[in-house]
Amino acid sequence: MSAFAAVDLGASSGRVIVGRVVDGADGPRVALHEVNRFPNGPVRVPAVPGGAGARGDATLFWDVLHLYRGVLDGLRAATREVGTLAGVGIDSWAVDHGLLDADGRLLGNPVHYRDARTDGVPDKVFATVPAAELYARTGLQVQPFNTVFQLVAAQGTAALAAARQALLVPDLLGAWLTGTAVAEVTNASTTGLLDATSRTWAVDVAERLGIDARLLPPLRDPGVLLGHVRDDVRADVGHHAPLPVWTVGSHDTASAVVAVPATQPGFAYVSCGTWSLVGLELDAPVLTEASRAANFTNEAGVDGTVRYLKNVMGLWVLQETLRTWNDAGLPADLPDLLAAAAQVPPLTTVVDVDDPELLPPGDMPARLAAAAVRTGQTPPQTQAEVVRCILDSLALAYRRAVRQAALLSGRDVQVVHVVGGGVRNALLCRLTADATGLPVVAGPVEGAALGNVLVQARAAGVLSGSLTDLRAVGARGLDLDRYEPGGPGTPGEDQWAAAEARLFS
């Protein structure tokens with residue numbers, strides 16, 4: 001038996017999960033056990049007045065030191081549980097980064113992607129490097145928080161002037177553990193500064209935008225040795241043997257896609273958490289003008305694959321709705337609300353969940369009501385109607401993304417795999433089957449952690465083979481749910497098409 005620690009950091013929580021590769025009657029499988037979970041969330045901090053370049057607006061930061069402490073606590077707990085670990089791998093969300101000075105010291109907490117500093121910055125970037133040219137090079141969809149826009153937004157700040165290196169969040173934590181600073185390629189592909197075809201830094205693009213290319217660290221593929229945990233850190237967590245840190249798909253979606261329990265090529269996936277990443281696994285990027293116009297992204301996957309996908313706002317809209325109700329003292333028990341939402345007539349009100357108005361924190365029910373009014377619909381009135389509006393709208397977004405991905409890539413899709421926290425939302429999974437007209441296979445919940453462990457285990461020589469082989473190992477013992485389209489009382493294709501036309505005619 002070999003045990004690995006998967007550090008999986010999400011936008012609302014982080015966790016350290018021990019994955020044991022164990023022998024079974026039908027071959028090896030992976031058993032996961034969470035040993036530490038800790039909250040994650042933004043902190044809004046104002047600048048101190050009086051600085052030469054101080055800006056009055058407060059900035060939304062990640063508390064990265066809290067995350068690092070959670071990682072160390074998790075490694076300590078994992079060591080107590082298993083004694084000796086065969087490795088550690090780190091995955092997280094994309095785009096956000098820490099800036100290091102010439103001494104390798106962190107210059108400040110990473111800025112949160114929901115911060116307003118990038119408002120209007122994409123247009124500024126496109127005035128120098130036109131959007132079509134940037135897409136043809138990097139294949140990245142336009143999101144206002146892409147790293148390239150964040151770095152341009154930071155120009156003129158004291159922090160960027162002092163910076164000598166920029167490390168994405170999982171790479172930053174890996175550097176603190178090992179002393180080795182790199183950019184793992186699956187997350188680097190979300191920056192808008194990586195050539196989608198060669199998987200090398202687009203240095204000329206960075207320089208045209210005034211970004212010092214020396215900020216960009218050496219690239220490293222997933223599935224190789226990053227380094228060993230430093231002796232002082234290893235002593236702190238109580239691990240007495242050398243402890244390797246392996247690169248994995250450090251973008252959590254890249255790890256989650258490894259864990260998709262697919263048995264044949266024709267699958268789409270929905271990695272469903274705070275964000276929903278909806279797309280296909282391809283062998284090469286799709287860099288056409290039609291793909292750019294549809295705002296699809298080409299992100300690097302494990303083993304040279306391409307994650308051809310669209311970012312959908314995801315369960316953030318539901319999470320922020322529940323937070324708003326809780327803050328107002330209203331009852332917001334999710335299981336009860338989902339049961340009530342299942343009884344609401346379908347597709348009464350739908351909104352574009354990718355509306356930029358829904359991106360920042362705030363009063364989400366009020367924003368949903370405003371979005372309904374803007375499209376000539378009656379706003380949802382009850383809590384159950386609000387929840388049904390969110391889930392119907394998410395399923396509609398998944399429908400559009402799956403169908404567009406298939407059309408733009410020329411691939412046929414026979415099944416949709418849902419992985420991540422959204423697996424627990426049976427109503428959303430059923431609606432996704434109905435909306436797409438395809439069977440939905442739901443599971444695993446901890447997709448990113450499972451994929452993380454699978455890549456580590458292969459890198460360590462415990463497992464071997466292709467992605468298909470790794471998926472077979474990961475699928476053993478999983479409790480999967482299957483949802484077929486067209487159940488009793490569900491909307492038909494004409495109703496979904498009509499709802500889509502209301503928003504996107």
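Arg 400 is partly exposed, with a relative accessible area of 23%; here, buried denotes under 20% relative accessible area, exposed over 50%, and partly exposed the range in between (1.4 Å probe, protein chains only). The structure is a predicted model, in which local features need pLDDT of at least 70 and side-chain atom pairs count only at pLDDT 80 or more, whereas totals for chains, interfaces and linings use all residues. Residues are numbered from 1 along each chain as its sequence is written, and side-chain values use heavy atoms, with hydrogens and water left out.

Across the whole structure, 28 salt bridges were found, a salt bridge being a side-chain nitrogen of Lys or Arg within 4 Å of a carboxyl oxygen of Asp or Glu. One of these joins Arg 400 to Glu 500, with 3.0 Å between the closest N and O atoms. This pair links distant parts of the chain, since Glu 500 belongs to helix α19 (residues 493-504) and Arg 400 to helix α15 (residues 383-409), 100 residues apart. Helices (H or I, at least four residues) and strands (E, at least two) are DSSP runs numbered from the N terminus. Glu 500 is buried, at a relative accessible area of 17%.

A salt bridge also connects Glu 446 and Arg 37, at an N to O distance of 3.6 Å. Glu 446 occupies the loop between β18 (440-442) and α17 (447-459), while Arg 37 lies in strand β3 (residues 27-39), 409 residues away. Both residues take part in a network of salt bridges together with Asp 8, Arg 15 and Glu 34.

Within helix α11 (residues 289-293), Glu 289 and Arg 292 are three residues apart, about one turn of the helix, and their side chains form a salt bridge of 2.6 Å.
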